[in-house]
Amino acid sequence: MRFASLRSFTIDELQAGEVGDLLALQEVNLRSNVSPKVASSEGFVTFQYSPEIMMSMLSDMPQPIAKHSQQIVGYALSTSLKAASQIALLHPLIALCQNIQFRSKPLSEQSFYFMGQVCVREGWRGLGVFDALYERHRQLFSGVYDCVVTEV
């Protein structure tokens with residue numbers, strides 16, 4: 001499905017009416033729903049966000065998405081420390097951040113947010129979608145936060 005390079009995509013921010021579309025893309029790419037071959041070569045997502053969590057995250061921060069013809073082809077979620085504290089899966093990462101130094105200063109003394117989960121629709125991978133989403137994060141948040149934390 002490498003024909004997607006003939007298409008263009010735009011970078012936008014998720015709207016409340018699109019949460020269901022994002023969650024549908026997420027579901028298709030859950031580890032339990034992709035083949036072992038795809039999981040090892042192209043990746044997968046591990047956590048299934050609920051509509052309520054997504055709406056909470058959306059109300060807290062913009063959520064960058066990539067779209068083609070009104071279809072979401074990728075996303076790179078942004079999560080504030082406040083929103084992350086409501087997601088049990090992120091509690092170990094929050095705790096880890098208490099002991100990390102960035103630019104000779106404890107991360108706990110800096111303003112940061114979490115970037116992730118990241119997902120790009122099959123057929124759109126390797127075409128610069130993630131790079132464009134990352135750039136949108138930089139545009140949206142570089143003047144607000146000292147740094148971004150992500151976990152792979």
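Predicted model: local features only at pLDDT ≥ 70, side-chain atom pairs only at ≥ 80, totals over all residues.
Residues are numbered from 1 along each chain as its sequence is written, and side-chain values use heavy atoms, with hydrogens and water left out.

What do I mean by a pocket? On a 1 Å grid over the protein atoms alone, a pocket is an open set of points where a 1.4 Å probe fits, with protein on both sides within 12 Å along at least five of seven lines, and lining residues have an atom within 4 Å of a point. For the volume, grid points are joined across faces, edges and corners, and we take the space filled by probe spheres set on the points.

Back to that second pocket. Its lining is Tyr113, Met115, Tyr134, His137, Arg138, Phe141, Ser142, Tyr145, Asp146, Cys147 and Val148. The elements giving two or more residues to it are S6, helix H6 (129-141) and S7, and H6 gives the most, with four residues. Helices here are DSSP runs of H or I, at least four residues, and strands are runs of E, at least two, numbered from the N terminus. The lining splits into seven nonpolar, two polar and two charged residues. In that count, Ala, Val, Leu, Ile, Met, Phe, Trp, Tyr, Cys and Pro are nonpolar, Asp, Glu, Lys and Arg are charged, and the others, Gly among them, are polar.

Is His137 buried or exposed? His137 is buried, at a relative accessible area of 1%; buried means under 20%, exposed over 50%, and partly exposed in between, with a 1.4 Å probe and protein chains only. Apart from neighbours within four places in sequence, His137 is in contact with Pro64, Ala76, Leu77, Ser78, Tyr113, Met115 and Ser142, where contact means heavy atoms within 4.5 Å.

Now the largest pocket. That one has a volume of about 790 Å³ and is lined by 26 residues, with Phe44, Gln117, Val118, Glu151 and Val152 lying nearest its centre. S6 gives the most to this lining, seven residues, and the lining as a whole divides into 16 nonpolar, seven polar and three charged. Keep an eye on Gln117, in strand S6: the peptide bond from Gly116 to Gln117 is cis, with omega near 10 degrees.

On to the packing. A nonpolar core is a set of buried Ala, Val, Leu, Ile, Met, Phe, Trp, Tyr and Cys residues joined through side-chain atoms within 4.5 Å. The largest one has 28 residues, and Leu14, Leu22, Met54, Tyr75 and Phe114 have the most contacts inside it. Two or more residues each come from H1, H3, S3, helix H4 (81-84), helix H5 (91-97), S6 and strand S7 (147-149). H1 gives the largest share, four residues. As for Leu14, leaving out neighbours within four places in sequence, it touches Val19, Leu22, Met54, Leu58, Gln63, Ile65 and Ile72, all in contact with it.

So which residues of helix H1 (residues 19-28) are buried? Val19, Leu22, Leu23, Leu25 and Gln26. Looking down the axis of H1, these fall within an arc of 155 degrees, so they line one face of the helix; the arc is that of the directions from the helix axis to the C-beta atoms. Their cover includes helix H3 (51-60), strand S2 (64-68), strand S3 (71-79) and strand S6 (112-120).

Trp124 sits in the loop between S6 and H6 and counts as buried, at 3% relative accessibility. Trp124 and Phe9 are 115 residues apart in sequence, yet 9.4 Å apart in space, C-alpha to C-alpha.

Gln70 is in the loop between S2 and S3, and at 64% relative accessibility it counts as exposed. Gln70 has a positive phi of about 70 degrees, although it is not a glycine. Ser104, in the loop between strand S4 (101-102) and strand S5 (105-106), also isn't a glycine and has a positive phi of about 60 degrees. Ser104 counts as exposed, at 76% relative accessibility.
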